[in-house]
Amino acid sequence: MTREEILKSFLADNLFVEMGYLKEGEVDSVRWANLPSNKIFQVIEIAIDGVVKNESQNVTEKKINQLLNQHP
Amino acid sequence: MILTSIELNNFMCYSGSNRFDFTEGINLIIGDNGYGKSKLFDAFYWVMYDECFNTSLKAFRTTSRLKKLIVSDKAIAETDDGTITTSVILTFHNVERDSIYILERRYQIRKYGEEIFEDAESEEIVRQKEMSILNSKVVTDPVKIEAIKKMILPDNIKPYMWFQGEQVESIIDFNKQDTLTQAINVLSNINRFDNIIELADSLKESSGKELNRKQRDLSKDRGESERLEIERQKLLEQIKQLDKQDLQVKDNLAMAEERSETLLNKQAEATKIRELEERRKAIEKNLNEVQFEFDSEQINLHKRMFTNKWVLKGTDNLFEEYSKKYNDFEQKKLQRQADLKAKVKAENEMIKEMQTRLPIDVPEPIYVQTMLDAERCLICDREAPKNSEPWLKIKELLDRSQMKLKKFEEEDQPLQNFSPDLKKLYQNGLGMSHLISRIDDDIADTFERIQKLSVRRKSLADDLRKIEEDINGLIADTSLNISDAENLLNEYTAQNELTRRSLIEANNLEHLINKKKEVLESINKKLSDLVVGDLPEYLKEKVKVLEEFFEVAHSTRKRVFNKLVQVLEAEANKHYQEMIQGNLSARGIIRLKELSNGKNYMPELVDEHGNVLLQLNTGNIILIKLATIMAIISARQGSRDTELYTLITDAPMSVFGEDYTIGFCKTVSKVYTQSIIMSKEFYRNEKLLKELFNDKEIKLGKVYMITPSIPENERSNRNSLSTNIKSLN
C-alpha cells in the first residue's frame, strides 16, 4: 500500500468536508504532491510518511509537535 | 513461483526413488485412503519446515521426534548393514526471473544387523540457479536460506496456502472470534492504519496535558486549579479503568453471542439427539422388560409341562378307558360278592338242614368210624360196602361232625386287595380329567402370550434400531456425539445467560462512564473558567488539530477495515457460489458478521432476505471456511499472492459430497496460478475423472494416480511397501 493510497483512504473521510477543509468533489483531485497547506493535512502527511518509512513513533511525534508548536 | 517437481527417496511409504512433476494450473494426486496422499503432503512440509503432520495427534512433529518413522520400512528391511538415506527435493521456478531454487532435506539412519542408529536431526541443502540454464550453487548463508524460503512461502500466508483437510477447521476457527480479524490484519496493510492510530492517540494525550499545564499556569487560583487537576486525573484514571472493563465485557459479550450463534447452528440437532436419546432409553427399558418377560415365559414353558400337567395332553381317552374298566371291575366285583354270599348261604342252609335230622356227633364219631371200617351199618345191621351209597352216607355223618356254619368274609378272599388302589387311581384320574380338559386352552393361551411378547419385542427392537440409526445419522451429520449434544445444550443455555448478564453489565458500565464524563466536563469547565488571560493561539490550534487527527485516524481505520471485510465477503461469496454450483440443494450467501465488540467478524450463511441459515452441516461449514480462506488470499488486490505461491492441500474436499468436487476444482483453478491437491474423490470415479479432464473451466496441470504396491489386507507388514505412481495425462 503506497502513501498515496493511504492518503486517499484518509481523505475519503467526511470530516474534511464537514469541517470545511475540502469542498465536495475536491477530494478526488487531491494528491500527495498538491495537498492543501493546512495543519491537519500536514499532520496526516507526516504521519503517513513516518508509517510508510517505518519511522519510530517518537520521531514522527517530534516532527508533528515541531510543526504544531510554531508560533505565527 | 511454480513448484516444478518433488522427488522422494525412501520417504515413508515412498520407497526407492519417486518423482512427481507439476505445472501451472490444478495438479491432482489421486488415491484412496491410506494410499500415501498425506505422506506426500508431509514430504512437501518436511522439506520446508522439518516437520510432518501427525494425524492421530493432529499436530506437527519434528524430525528429531519422528526419526526413523520418516524412513521407508521397505528400505530398512532390505538393508542388512549400511546407511539408509531419506531425502525429499523440491524444485521451484521463479518464471519472472528465470531463477531456480532447489530445496532438499535429508535424513539418515545406519543399520547393523538388527541394530539401528538414528541421526538426531535432518540436513537441509538449498541450491540456487540464478538462471535456469546455469549450474546450481549451494546456498550456505542461513539468512539467505531463510529469505529464499520466505520468498517461496511467507509465514503469514502459510496457513492459508499449505494445509491439510483436517486443518481447515482450525484455520478459520468459529470458536475464536478474532480468527478472521487476525487473518485480515496479517494479510492486509491495516497495521499501517493501526500505527497511525497509536500516533494520534499519543499526540492527543500529550497535547491535552500541555493544555492543562498552560491552564494551571494562567489560573487566578493556583490552589483550586491544582485540586481540580488532581480530581481530573483521578477521574481520567477511573474512566480509563471503566473503559477497559467495558471493552472486556463487550469482548465477553461478543464471544458469548458468537458462541451462542455457533451453538444455535447445532442446537436443534443437539435437541433432537437428546430427545432421540431419551426415547431410545425409554424403548430400551421397555425392551428389557419385555425381553425379561419373554425369557421367563420361555423358561416356564418347560416347567408348565409338569406344573400345568401339559405332559398329560391327549390322555383324556385313557381316563375314559380306565374309568370304564374300573366300572366293569367294580360291577364284576359286586357280582362276585353277591354270588359268594348266595353260595355261603346255600351251604349254611344245607348244614343246618343236615343238623335237623341227626344231631352232630350222633352216633359218636368212633362208632361211625367202626361202621366204615366194618363196611356195615350197626344200627340197621345191613351191609355197607366201601364207597357204596350206604357207606358214603355213613361217612357223611363223620364229615358232618367237622362241618360248621361259614361266614361270607371267610370265603374266597384274595391275598392282595387292589381295589382301594384302583379306586384311588380312579379318583385321581377324575380330578385330573378337569385339568386335562383345560390343557389345550392353557397351551393356546400361553403361546398366544409368548407370541404377543415376541411381536412386541420385535417391534421394540425395530424401534430401537431405527432410533439408533437416526441418532447415528445425526451424529455423523453433526459431528456431535450424545454427550457432546448434552454438553452443547448446557453450554448454549450458559452462553445465553452470559450474553444476558454481559448486556446488563455493559449498559451499566456505559451509564457509569457517561456520568464520569459529565463530571469531567464540569471540571474542565471550572479549570477553563479559572484561566486569566488568553491561552496561546498555537496551543489552541494544536489541540484542535490533534483532536481532529485522532478522530480521522480512528474513523479511517474503521472504514478501511470494513472495506476489507466487504471485499473479503464478496470474494468469499464468489468462491462459495462457484463451489456449490454442482449441488442444486445448496444455497445461502456468506455474510461476515460484525460482532458486538465492533472489532471482530465471523462468517455466517444467510438467505436472500438476510435471515441466518441455521443447522449447517459439517460440509457446509467446511465450504464456507474454504471459501473464506480462498477469499483471504484472493482479496489481497495487487498482492499477487495467488500468482506467487502454490496452494498445496491434502484432502480438502473429503468432508463435503462429490457434487462439490468439480466446483471446488474450478474455483481453485481460477483463484490460484498453481495448486497441488491430494484427493480421493476421483479414485474409482470414472465419471468425475472424465468431467475433470473435459471441463474447459478447469486449468488442469498434471494428474497422478498413486496406489500401494501391496494389497490393503497385507499392509500390516510394511516391509515390502512402496508406492506406484501413474501419470494420467
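User: What is the mean pLDDT of chain B, and what ipTM and pTM does the complex get?

Analyst: Start with caution: where pLDDT is low, the predicted coordinates should not be read in detail. This is a predicted model. Chain B has a mean pLDDT of 85, and 91% of its residues reach 70 or more. For the complex, the predictor gives an ipTM of 0.96 and a pTM of 0.60.

User: In which sense do β1(B) and β6(B) pair?

Analyst: A general point on strands: in a regular strand the side chains alternate between the two faces of the sheet. Here, β1 (residues 2-11) and β6 (residues 81-94) of chain B run antiparallel, joined by seven bridges.

User: How many bridges link β6(B) to β7(B)?

Analyst: There are 14, again in the antiparallel sense, with β7(B) spanning residues 99-112. B:Thr83 faces B:Arg110 of β7(B) across this pairing. The two strands form a hairpin with four residues between them. Check B:Asp98 there: its phi is positive, near 60°.

User: Now the contact. Which element of chain B gives the most to the side that touches chain A?

Analyst: Begin with the counts: 21 residues of chain B are in contact with 23 of chain A. On the chain B side, α8 (190-217) and α15 (537-579) are the elements giving two or more residues. α15(B) gives the most, with 13 residues.

User: What is the make-up of that side by class?

Analyst: The side of chain B that touches chain A has eight nonpolar, five polar and eight charged residues.

Note on methods:
Residues are numbered from 1 along each chain as its sequence is written. Chains are lettered from A and ligands numbered from 1 in the order in which they are written. This is a predicted model: local features need pLDDT of at least 70, side-chain atom pairs count only at pLDDT 80 or more; totals for chains, interfaces and linings use all residues. Two strands pair if DSSP finds at least two bridges between them. Two residues are in contact if their C-beta atoms, placed from the backbone, lie within 7 Å. Ala, Val, Leu, Ile, Met, Phe, Trp, Tyr, Cys and Pro count as nonpolar, Asp, Glu, Lys and Arg as charged, and the others, Gly among them, as polar. pLDDT is the predictor's confidence in each residue, from 0 to 100.
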